[in-house]
Amino acid sequence: MSTSFRWTPNAKAQSTTEGAEKFALTLLRLARRGDRVVFVGTQTDRTDEESRGNILGMAEIGFEPLKTLDLVGRADLDERDFDAAGNFKFPHAVALTRAWRFEPAPLLTRTLSRQLAMVATSGVQEIEEPSDVAAIFALQTVEIDLPTLPALEAMRRMNDALRNTTGPRPSGAGYEVNPPVGGEAWTYGLRFGKRDVWKIGWATDVDGRCTDINQHIPIELGLEQWGVVLRQRMNSRDAAYDMEQRVLELLANKRKGYERVHCSRSEIDSAWQQAFVDVIRGK
């Protein structure tokens with residue numbers, strides 16, 4: 001058994017115990033693309049003595065729920081993982097798409113600022129101390145070669161593609177995403193001020209398109225403007241158009257006119273990710 005942490009972009013972490021359906025569903029619900037799960041050896045006889053209490057490694061996960069027995073045979077499992085009736089105790093699985101081990105694997109108590117609470121072995125514990133997160137990412141890692149399974153590769157590509165689906169393009173003191181080249185284009189989602197009013201479209205220059213749209217708003221009257229909130233690079237203009245149309249289709253009952261929809265941020269995010277998945281899978 002192992003305890004795991006989920007690091008979020010705002011330097012928070014989730015801790016939970018592997019195996020139960022609640023863990024798998026909670027992890028899939030809370031995690032974001034690019035988050036890391038960190039594994040810690042528990043103080044039980046199920047963990048090698050030299051690994052107990054050590055931070056062993058970390059991984060990125062896939063986001064499709066799996067069944068353990070679809071992946072491994074009973075002969076590969078420990079008999080202690082079955083109850084008296086022969087039922088497997090941990091039927092729900094979460095795929096690892098990338099994994100690293102820490103070398104050396106340090107003691108948790110010498111790495112984090114405080115010990116984990118008891119809830120970490122059976123539920124979810126949130127860790128908010130930025131120094132703890134920084135300490136984990138400062139550890140020396142060695143990447144682990146995972147099985148070359150088509151399903152894992154598909155999940156890995158999905159994670160890579162969905163990392164950059166939200167938020168404006170970083171600029172200034174940070175970095176800038178290169179503009180699309182060749183046949184590439186972007187699907188975009190504009191928000192009108194802070195209202196739950198969205199405009200969905202596609203363009204080869206999202207920022208330029210947003211500027212053009214705002215030229216038709218008399219901002220001298222103090223009116224709000226459109227701002228870029230969502231953008232997704234696609235490998236062709238046709239694909240960008242298809243994603244635009246799929247988003248609008250998913251939100252058809254929220255559509256008010258042209259490419260505009262009125263819905264909450266969570267609704268637009270859900271439709272956005274579903275549309276991307278549908279397009280790259282050719283649905």
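## Exercises on buried residues

Cysteine 263 has a relative accessibility of 4%, which puts it among the buried residues. Keep in mind that this is a predicted model.

**Exercise 1.** Decide whether cysteine 210 is buried or exposed, and find how many disulfides the structure has.

*Solution.* Start with the cut-off: buried means under 20% relative accessible area. Cysteine 210 comes out at 8%, so it is buried. Next, turn to the disulfides: searching the whole structure gives 0 of them.

**Exercise 2.** Locate arginine 231, then find which side chain it meets in a polar contact.

*Solution.* First, look along strand β12, residues 226–234, where arginine 231 sits. Then check its accessibility: the relative accessible area is 5%, so arginine 231 is buried. Finally, follow its side chain to that of aspartate 207, which it joins through a polar contact of 3.1 Å.

**Exercise 3.** Work out which element gives the most residues to the largest nonpolar core.

*Solution.* Begin with the core itself: it has 22 residues, and among those touching the most other members are Trp198, Val247 and Ile268. Two or more residues come from each of β11 (197–203), β12, α5 (237–250) and α6 (265–280). Of the contributors, α6 gives the most, with 7 residues. To see one residue's surroundings, take isoleucine 268: beyond four places away in sequence, its contacts include Ile200, Leu230 and Cys263.

**Exercise 4.** Find what kind of peptide bond leads from glutamate 103 to proline 104.

*Solution.* Go to the loop between β7 (96–102) and β8 (125–127), which holds proline 104. Now read omega for the bond from glutamate 103: omega is near 0°, and the bond is cis.

Conventions. Residues numbered from 1 in each chain as written. Predicted model: local features only at pLDDT ≥ 70, side-chain atom pairs only at ≥ 80, totals over all residues. Heavy atoms only, no water. Helix = DSSP H or I, 4+ residues; strand = E, 2+ residues; numbered from the N terminus. Buried < 20%, exposed > 50% of the residue type's maximum accessible area, 1.4 Å probe, protein only. Polar contact = N/O pair within 3.5 Å; in protein donor to acceptor, adjacent residues only side chain to side chain. Disulfide = S-S within 2.5 Å. Core = buried A, V, L, I, M, F, W, Y, C linked by side-chain atoms within 4.5 Å. Contact = heavy atoms within 4.5 Å.
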